[in-house]
Amino acid sequence: MVGKKTLVLALFPLILSIGIAPAIPFADSQRYMDTIYRDDSMTECRQGLYLVYRIPNADYICTQDTTAQRWEQLGIAEIVSKGTIGEMLKETEDQIEEEILEEGLRVDIIPVKNNISMLIGVNGFSGGNVGVLAGDDGLLMIDDGLESVLDKITTQLEQLKTCETCGDVKFLVNTHWHADHVGGNSHFGEQGTVIVAHENLRKVLSSPQTLEYFNATYDTYPKEALPVITFEESVTLHFNEETIQVIHLPNGHTNNDSIIYFAESNVLHLGDIFFKGNFPFVDLDHGGSVIGLTNNIEEVLNKFPEETIVIPGHGELSTIQDVRMYHDMLVETTNIVREQISEGKSLGEIQNSEFPENWTLWESGRIDTPTWIEFIHTDLTRNSNP
Ligand SMILES: [Zn+2]
Ligand SMILES: [Zn+2]
């Protein structure tokens with residue numbers, strides 16, 4: 001097709017090729033741009049006198065209808081579609097959207113620092129963010145996403161290994177028990193990966209569970225999916241020249257939350273105690289608490305240096321500044337609900353009253369503002385002293 005394109009340009013020097021959508025890659029974009037600025041048939045195109053013709057390879061040519069017909073007759077170029085600039089722009093946008101839909105969910109590797117990466121779902125939900133430390137000792141993973149994306153995750157792990165023989169996942173640390181963070185546990189456990197987590201996580205996975213909010217039930221996990229090393233407060237791993245501190249924080253997102261700190265690289269995986277830019281889910285049925293979560297986030301802000309890079313449980317790679325904004329949201333939305341409770345308002349009344357817009361911006365498809373208010377309300381009213 002490149003040959004044909006060159007031929008078109010050679011035979012019709014006054015005909016220009018224009019790149020309409022920047023998302024479409026062009027082999028020789030600079031030359032195309034030069035042509036656009038030199039040729040005045042662009043004016044005709046803008047005025048709607050000429051049409052835009054799309055030829056294979058997503059190249060666009062603005063010309064007269066008679067010229068386009070001649071190309072086809074001569075076999076110089078095949079016309080895929082034609083229309084006004086507006087119509088062709090729309091066609092391109094639709095095409096890109098279709099490609100995204102067709103491609104579906106994928107898992108991307110985001111380099112974090114040194115040999116630490118984050119795996120994140122794009123075009124859909126793949127579960128929580130996965131942290132990976134690679135090196136000569138092998139791989140260490142933090143969480144392993146939804147079971148349904150296991151293939152995509154293992155494919156990306158292959159990319160991250162630093163040598164032929166160091167691709168085994170030696171350690172897997174779970175931040176908490178939710179299925180979007182432990183979906184690959186059985187697979188990795190079977191492969192001989194050592195799973196590490198807080199002792200409550202092992203307890204929770206060892207019996208059937210219900211998450212009423214998501215209307216979901218979970219069977220007891222098989223033996224191979226369970227952590228073989230558990231701890232009460234913290235445990236430290238020494239792996240790939242990195243000191244990895246796994247620290248339990250009490251009753252926040254769940255009763256089995258751990259955060260993981262890579263001390264040399266100054267990278268922190270916070271699991272689901274931190275949803276970047278969104279209201280978090282709080283698992284009130286498994287020891288979660290909005291107040292506890294807020295205290296835990298405050299502890300994180302006090303404990304770790306300002307330049308720490310933060311991997312959230314959900315959302316893009318973050319900074320301590322992002323965590324601070326999240327902390328402000330937790331504190332201030334809780335204060336709003338607390339105040340209204342003290343005025344004697346019911347949950348429904350609080351949900352129906354105006355909520356400041358700067359906080360409603362934090363809602364997501366999963367946790368909207370009324371739900372977030374309910375989490376806070378439930379937590380405050382079940383504690384004796386709101
Ligand atoms: Zn999650
Ligand atoms: Zn979670």
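Some ground rules. Residues are numbered from 1 along each chain as its sequence is written, and chains are lettered from A and ligands numbered from 1 in the order in which they are written. Because the model is predicted, local features need pLDDT of at least 70, side-chain atom pairs count only at pLDDT 80 or more, and totals for chains, interfaces and linings use all residues. Helices (H or I, at least four residues) and strands (E, at least two) are DSSP runs, numbered from the N terminus.

Let's take the sheet. In general, strands of a sheet pair through backbone hydrogen bonds, either parallel or antiparallel. Here, seven strands form an open sheet with mixed pairing. The order is β5-β6-β7-β8-β9-β10-β13. Two strands pair if DSSP finds at least two bridges between them. Which strands stand at the edges? They are β5 (106-113) and β13 (229-231). Each has a single partner strand, so one side of each is left without a neighbour in the sheet.

β5 and β6 run antiparallel, joined by seven bridges. V107 has G121 in β6 as its bridge partner. The two strands form a hairpin with two residues between them. N114, in that turn, has a positive phi of about 50°.

Now β6 itself. Six of its seven residues are buried, so β6 is largely enclosed by the rest of the structure. Buried means 20 or more other C-beta atoms within 10 Å of a residue's own, with C-beta atoms placed from the backbone. β6 also pairs with β7, antiparallel, over four bridges. There, L119 has V130 as its bridge partner.

H198 is partnered by F231 in β13.

Next, the helix pair. α10 (residues 290-303) and α11 (residues 320-342) have axes that come within 10 Å and cross at roughly 150°. Axes are lines fitted to C-alpha atoms, for helices over the stretch in contact, and angles run from 0 to 180 degrees between N-to-C directions. That makes α10 roughly antiparallel to α11, a word used for angles over 145 degrees.

Who meets whom? V290, L293 and I297 are among the α10 residues in this contact. On the α11 side, they include I320, V323 and Y326. Contact means C-beta atoms, placed from the backbone, within 7 Å.

Technical notes
Parallel < 35°, antiparallel > 145°, perpendicular 65-115°, else oblique. Contact = placed C-beta atoms within 7 Å. Buried ≥ 20, exposed ≤ 12 C-beta atoms within 10 Å, placed from the backbone.
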